[in-house]
Amino acid sequence: MTQAPTITTQRLTLRAHRASDFDAYADTFASDRAQFMGGPMARRKAWFAFCADIAQWSLFGHGAWGVERNEDGAFIGQVAVGKPPHFPEVELGWMLCDGAEGHGYAFEAATAARDWAYVELGRDTLVSYIDAENTRSIALAERLGAVVDPTAATPDDEDCLVYRHPDPAALQDGGMEAYA
């Protein structure tokens, strides 16, 4: 069984989810904040999503991390490198709980997860599936250096944009030509 590795950044810890994360996770998915992630959804459906996010570690060697703020240990969201069966490619995804936006936490967590996927998993590509109306996630994907890939397949029955993330080495070299 593969378990989520712990990744520590300047302000955050990406760690295996705990049962204690579920209430905040379920609250987020029950709110309008989840409109671009299949929600709002009932607590029961959120439980299935939570478990599926975690189970991908055992099944595929990647999955979702709980994002914890180092200064106070608060659970503030989730970042994931995942590929459920209905996704054509491995996705980098993120969500923050109410009150955690506007501090750069999503960028910091997503950068760490993206870098882990390329370095530790040896990925040669990574995408984010984003609803065209989700302007905040689009802005984050672009801040991460991702660009729209109009030729990429989308998940079953989903109308979304596919943002392709660059290998961190390409960003260090200053080149994005391979991704444009």
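**Confidence**

I began with the scores of this predicted model: the protein averages a pLDDT of 92, and 93% of the residues score at least 70. Over residues 175-180 the pLDDT stays under 50. The model has 12 contacts beyond four places in sequence for residues 175-180.

**Helix H2**

I looked up H2, which runs over residues 43-60 and has 18 residues. From its first C-alpha to its last, H2 reaches 25 Å, close to the 26 Å expected. I also checked H2 for bends and noted a kink of about 30 degrees, centred on Ile54.

Which residues of H2 are buried? I listed Ala46, Phe50, Asp53, Gln56 and Trp57. These buried residues pack against helices H1 (22-30) and H3 (105-119), and against strands S3 (64-69) and S4 (75-82).

I then looked on either side of H2. Gly61 follows H2 and has a positive phi, near 85 degrees. In the loop between H1 and H2 I found Pro40. The peptide bond from Gly39 to Pro40 is cis, with omega near -5 degrees.

**Cysteines**

How many disulfides are there? I counted zero, taking a disulfide as a pair of cysteine sulfur atoms within 2.5 Å. For Cys51, the nearest cysteine sulfur is that of Cys97, 16 Å away, so Cys51 is in no disulfide by the 2.5 Å cut-off. Cys97 is in no disulfide either, its nearest cysteine sulfur being that of Cys51.

Cys51 has a relative accessible area of 30% and is partly exposed. Cys97 is at 8% relative accessibility and counts as buried, because the limit for buried is under 20%.

**Nonpolar cores**

I turned to the largest nonpolar core, which has 32 residues. Leu14, Trp65, Val79, Val81, Leu92 and Trp94 touch the most other members. At least two residues of this core come from each of strands S2 (12-15), S3, S4 and S5 (91-96), and from each of helices H3 and H4 (135-143). Which element gives the most to this core? I noted H3, with nine residues.

I followed Leu92 through its contacts beyond four places in sequence. Among them are Val79, Val81, Ala110, Ala113, Leu126 and Leu144. Leu92 also touches Arg114, Ser128 and His165.

I found a second, separate core of nine residues, including Phe22, Met41, Phe50 and Met95. Phe50 is also one of the buried residues of H2. As a general note, nonpolar side chains tend to be buried together in soluble globular proteins.

Note on methods
Residues are numbered from 1 along each chain as its sequence is written. This is a predicted model: local features need pLDDT of at least 70, side-chain atom pairs count only at pLDDT 80 or more; totals for chains, interfaces and linings use all residues. Side-chain values use heavy atoms; hydrogens and water are left out. Helices (H or I, at least four residues) and strands (E, at least two) are DSSP runs, numbered from the N terminus. The expected span of a helix is 1.5 Å times one less than its number of residues. The bend at a residue is the angle between axes fitted to the seven residues ending there and the seven starting there. Buried means under 20% relative accessible area, exposed over 50%, partly exposed in between (1.4 Å probe, protein chains only). Contact means heavy atoms within 4.5 Å. pLDDT is the predictor's confidence in each residue, from 0 to 100. A nonpolar core is a set of buried Ala, Val, Leu, Ile, Met, Phe, Trp, Tyr and Cys residues joined through side-chain atoms within 4.5 Å.
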